[in-house]
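Open the model in your viewer and keep the selection panel at hand. The stops below say what to select next and what is there.

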Amino acid sequence: MPGVGPKTAQRLALHILKRPEADVQALAQALLEAKQQVGFCSICFHLSAEPVCEICRASNRDPHTICVVADSRDVIALERTREYEGKYHVLGGLISPMDGMGPDQLNITQLVRRVNKQDIKEVIMAISPSVEGETTTLYVGQLLKPFTKVTRIAFGLPMGGDLEYADEVTLARAMEGRRELE
Amino acid sequence: MYLKTLHLRHFRNYREQQVEFLAPKTILVGENAQGKSNLLEAVELLATLRSHRALRDRELVLDNAQAGQIAAQLERDSGTVDLAITLRSNSRRTVSLNGETLKRQLDFLGIMNAVQFSSLDLDLVRGSPSERRNWLDTLLTQLEPVYAYILQQYNTVLRQRNALLKQQRSPHETWRVAEAAHPPDSTQLAIWDAQLAAIGCRVIRRRARVIERLAPLAQHWHQAISGSRELLEVRYAPNVQLGEDDPLLVQQAFLEKLQMRAIAEQHQGTTLVGPHRDEVEFTINQTPARQYGSQGQQRTLVLALKLAELKLIEAIVGEPPLLLLDDVLAELDLNRQNKLLDTIQDRFQTLITTTHLGSFDAQWLKSSQILTVEAGQISM
Ligand SMILES: Nc1ncnc2c1ncn2[C@@H]1O[C@H](COP(=O)(O)OP(=O)(O)OP(=O)(O)O)[C@@H](O)[C@H]1O
Ligand SMILES: [Mg+2]
Ligand SMILES: [Zn+2]
């Protein structure tokens, strides 16, 4: 499991073994239900138990702005700032030839279609400034520029940092200081 | 700067060892394979976060241990700092400064400076271009810590671009065309090109800058050691020509060269243009030093380079760096030993390893702290 070293794994395993059987049963059931029920929103690809996620359904959010992120975790991080009131689009990763990730492996075509079909005033690229993030931002930017204004959030973020680890103030500031993609 | 104490825990063949440095020169004496070079390696890691011997942190951690630690107390003009590196056999290393773990390893660099000189350094003259690039990069990292970040970015772009070129490589004759899974994605390639050129340009300009400052120093020292008969020239030969020192022009030249080599790159499935193909040329009286050479002349050249490094770091950082001499002193004749001694005096703290004290000049011995290294243990 990501982020869990051998020692922590052992501790978790021992902890579970010591619990009453009913507890373990409940945990297993919960995991199974999560797996069965949580899928991806058919519009923005954020994690969602419904076919269309809560953010896409919300009528009080600006439908003319889309914030593009790599991962569902980034949506959660940005939502915590309470700064952003538009919609999202989750790419499901970054362009990384070394990992066999090309544009076709990401939800890019769906994004282009979405921008093409709807009245979108601005697409905000909120992707970490790693070289893979940069390539992804530029790639998506090139595809979208014929249709709409594309901006990127301003990164004063820690070098090689992930959105996930940026504190809320930094993220909110990055969102405010966004600039148009060249 | 002065290294006051070094503490090794589960590092290489050291279980737990505290060392206090009591004189500007320390001689570490011991049989082969006792841990002398290991100790210098620990200091090298503190200065550069790199080891010229280890590829993985796992090798640095005592066999069968989970983690190892190098801790040091360093005196600088601005005050005393505590440095520590924790190395793990199964996960990433962490670094700390004055007891506080740093988020960016970059912030650890440039606090302690050291010049390493070992018998392996003859490869600087005789070895492949990658030896010289490595040497240059290590020096640059100490002078401009942000360079470590730039270089890492460059290498990532390079690996990514190579992976893309490989995927898009025109299928081998024996394959059927239909099996070429990835049609060329020229948009993506163009973006990787732009990144390679932009970051590559930063690498090239920094390398050019440091060679420009180092070359006259090396020339001076080479003359001083060889008795002013020979003229050493150190020249940077970048793969992408650096006409004028204007980032935009360099990037443009970079992109043009990529264009020129596009077919070859597609064919070979690898990047053929950029600073990963740079060279540093050494010539003595206009003859390439590699060919020129007697071992003695090549040694003089390497010694001159090392002295130039010391002086350059001192000039830029404003404090004399440490000097690490691994086995080399005994290999130098008395004349060169004395030149070295004159230069470092007591200003550059120096750690010296040797298997026997016999080959040392009496002057060296007199002013040095002598430590004995035996099976990962150090005694006075
Ligand atoms: N991770 C490790 N765990 C335990 N021992 C190690 C580890 N890495 C290296 N060693 C041991 O350290 C010793 C080598 O030490 P080092 O290279 O410092 O030798 P040295 O004293 O410099 O010898 P020489 O005079 O031959 O250069 C070897 O015995 C090697 O087995
Ligand atoms: Mg050795
Ligand atoms: Zn949605």
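**Chain A**

Select chain A and colour its two parts: the domain assignment gives domain 1 (6-37) and domain 2 (58-180), the bounds coming from an automatic or database domain assignment. Taken over C-alpha atoms, the centres of domain 1 of chain A and domain 2 of chain A are separated by 34 Å. What you are looking at is a predicted model, in which local features need pLDDT of at least 70 and side-chain atom pairs count only at pLDDT 80 or more, while totals for chains, interfaces and linings use all residues. Residues are numbered from 1 along each chain as its sequence is written, and chains are lettered from A and ligands numbered from 1 in the order in which they are written.

Next, select A:A30. This residue is found in helix α2 (residues 21-37) of chain A; helices (H or I, at least four residues) and strands (E, at least two) are DSSP runs, numbered from the N terminus. Is A:A30 buried or exposed? A:A30 is exposed, because 10 other C-beta atoms lie within 10 Å. The cut-offs are 20 or more other C-beta atoms within 10 Å for buried, 12 or fewer for exposed, and partly exposed in between, with C-beta atoms placed from the backbone.

**Where the chains meet**

Show both chains. The contact takes 16 residues from chain A and 20 residues from chain B; two residues are in contact if their C-beta atoms, placed from the backbone, lie within 7 Å. The side of chain A that touches chain B has 9 nonpolar, 5 polar and 2 charged residues. Here Ala, Val, Leu, Ile, Met, Phe, Trp, Tyr, Cys and Pro count as nonpolar, Asp, Glu, Lys and Arg as charged, and the others, Gly among them, as polar.

**Chain B as a whole**

Chain B has 12 helices and 15 strands. Its radius of gyration is 23 Å, close to the 21 Å that the globule rule gives for 380 residues, so chain B is as compact as a globular protein of that length. (The radius is taken over C-alpha atoms, and the rule is 2.2 Å times the number of residues to the power 0.38.) Of the 380 residues of chain B, 41% count as buried.

**The two domains of chain B**

Colour domain 1 (1-113 + 320-380) and domain 2 (121-318) of chain B. Their C-alpha centres lie 29 Å apart. Where they touch, 16 residues of domain 1 of chain B are in contact with 17 residues of domain 2 of chain B. On the domain 1 side, α1 and α11 (334-344) of chain B each supply at least two residues, and α11(B) gives the most, with 4 residues.

**A sheet in chain B**

Select β9, β10 and β11 of chain B, which form an open sheet of 3 strands in the order β9-β10-β11, with antiparallel pairing. Two strands pair if DSSP finds at least two bridges between them. Which strands are at the edge? They are β9 (232-237) and β11 (287-288) of chain B, each pairing on one side only. Between β9(B) and β10 (residues 279-284) of chain B there are 6 bridges. Zoom in on B:Y236, which stands opposite B:V280 in β10(B).

**Ligand 1**

Finish at ligand 1. It is surrounded by 17 residues, the closest being B:N13, B:N32, B:K36, B:S37 and B:N38; a residue is near a molecule if its C-beta atom, placed from the backbone, lies within 6 Å of it. Helix α1 (residues 36-48) of chain B gives the largest share of this shell, 3 residues.
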